[in-house]
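Subject: Structure handover

Hi,

Here is the structure for you to look over. My notes follow below it.

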Amino acid sequence: SDRQHNERRRTTRNGPPRRQHVVAEFYLRRFADTDDRVRMTDKHDARRVLASFATVMVKKDFYTVATATGKNYEVEKALSDLEGRAAQILRRIEDGEFPLKHPKDRELLALYIAFQLARGMEFQELLDSAAQALTEAMTIAVTSHPEAMRATMEGAFGTSPSDAEVEEQRKALREALQQKRIVTTVPRSMAIGEMLQLAPTFASVIAQRSWILLRSESMGFITSDVPVGMIGGSFPDGRRMPVGVMTATEITFPIDSK
């Protein structure tokens, strides 16, 4: 909305846009009441609270990239620009334009949906989980073979360890692994790079799928910190298929409560 863009400009004039929404502010407003509040339910303890849509789903410097010349806010600004254009398309859908008349609008809305898949905490947690699994697999592989352990120590310390030292290090790593003291996370700059690389690929798939618009006056649609929902299918033997934009039997994206 014009008010949101004015608020964003004021924020930019007063300083860099460090308060960054992991779910777009304009989108959250579509689920707000007449007092600009959204009702949130905690997914862990079911606690329910009312809060201003402008203050929820905010993380400081979440899309800010540290460079040799200082902090760079271009990703946040690009996301804000995409949000502004997506907001216009959603308003046209509300006014009755569905299917969308112009293919470019469909592509742009697909891009917005794709970025919503890749911009939040769940995507960061997915990357962290994959990195942790790889670290643990490599640790098990190295500690399972004395010669691999020896080669790793030689590369790290530049000296040839004794058999006793290799065994000591092997046991120490295995113990650390069992006690969950080996933790690997993906730096935000790398996660942002993954987001920028993967979102256009997601968008191309989403844009090509069949789109159906559902309306309801009798029930309210809800959204969350992961607004894009995906339902997976099953293999012939009953096993569940991995869920992704390519394999999901259905992808949902509520545009407001109706």
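Lysine 180 is exposed, at a relative accessible area of 60%. For burial, the cut-offs are under 20% relative accessible area for buried, over 50% for exposed, and partly exposed in between, with a 1.4 Å probe and protein chains only. Lysine 180 sits in the loop between α7 (163-178) and α8. It is not a glycine, yet its phi is positive, about 60°.

Some ground rules. This is a predicted model, in which local features need pLDDT of at least 70 and side-chain atom pairs count only at pLDDT 80 or more, while totals for chains, interfaces and linings use all residues. Residues are numbered from 1 along each chain as its sequence is written, and side-chain values use heavy atoms, with hydrogens and water left out.

Other backbone points

Alanine 46 also has a positive phi, about 65°, and is not a glycine. It is placed in the loop between β2 (37-41) and β3 (48-52). Proline 99 belongs to the loop between α3 and α4.

The chain as a whole

The protein chain has eight helices and eight strands. These are DSSP runs numbered from the N terminus: helices are H or I with at least four residues, strands are E with at least two. The radius of gyration is 23 Å, well over the 18 Å from the globule rule for 258 residues, so the chain is more spread out than a compact globule. That radius is taken over C-alpha atoms, and the rule is 2.2 Å times the number of residues to the power 0.38. The C-alpha trace spans about 75 × 55 × 40 Å along its principal axes.

Of the 258 residues, 34% count as buried. Among contacts with a separation of 6 or more, 67% come from residues 24 or more positions apart. Contact means heavy atoms within 4.5 Å.

On charge, there are 37 positive and 35 negative side chains, with the centres of the two sets 5 Å apart. Lys and Arg count as positive, Asp and Glu as negative; His and the chain ends are not counted. Each charge is placed at NZ of Lys, CZ of Arg, CG of Asp or CD of Glu.

The core

The largest nonpolar core has 47 residues, and Phe26, Tyr27, Leu109, Tyr112 and Met195 touch the most other members. The elements giving two or more residues to this core are α2 (25-29), α3 (74-94), α4, α5 (121-143) and α8 (188-208). Helix α4 gives the most, with nine residues. A nonpolar core here is a set of buried Ala, Val, Leu, Ile, Met, Phe, Trp, Tyr and Cys residues joined through side-chain atoms within 4.5 Å.

Aspartate 105 lies in helix α4 (residues 103-118). Its relative accessibility is 14%, so it counts as buried. Not counting residues up to four places away in sequence, aspartate 105 touches Ile89, Arg92, Glu97 and Leu100.

Isoleucine 192 lies in helix α8. At 2% relative accessibility, isoleucine 192 is buried. Neighbours within four places aside, isoleucine 192 contacts Phe62, Tyr63, Thr64, Val65 and Val75. Its C-alpha is 29 Å from that of arginine 91, which is 101 residues away along the chain.

Best wishes
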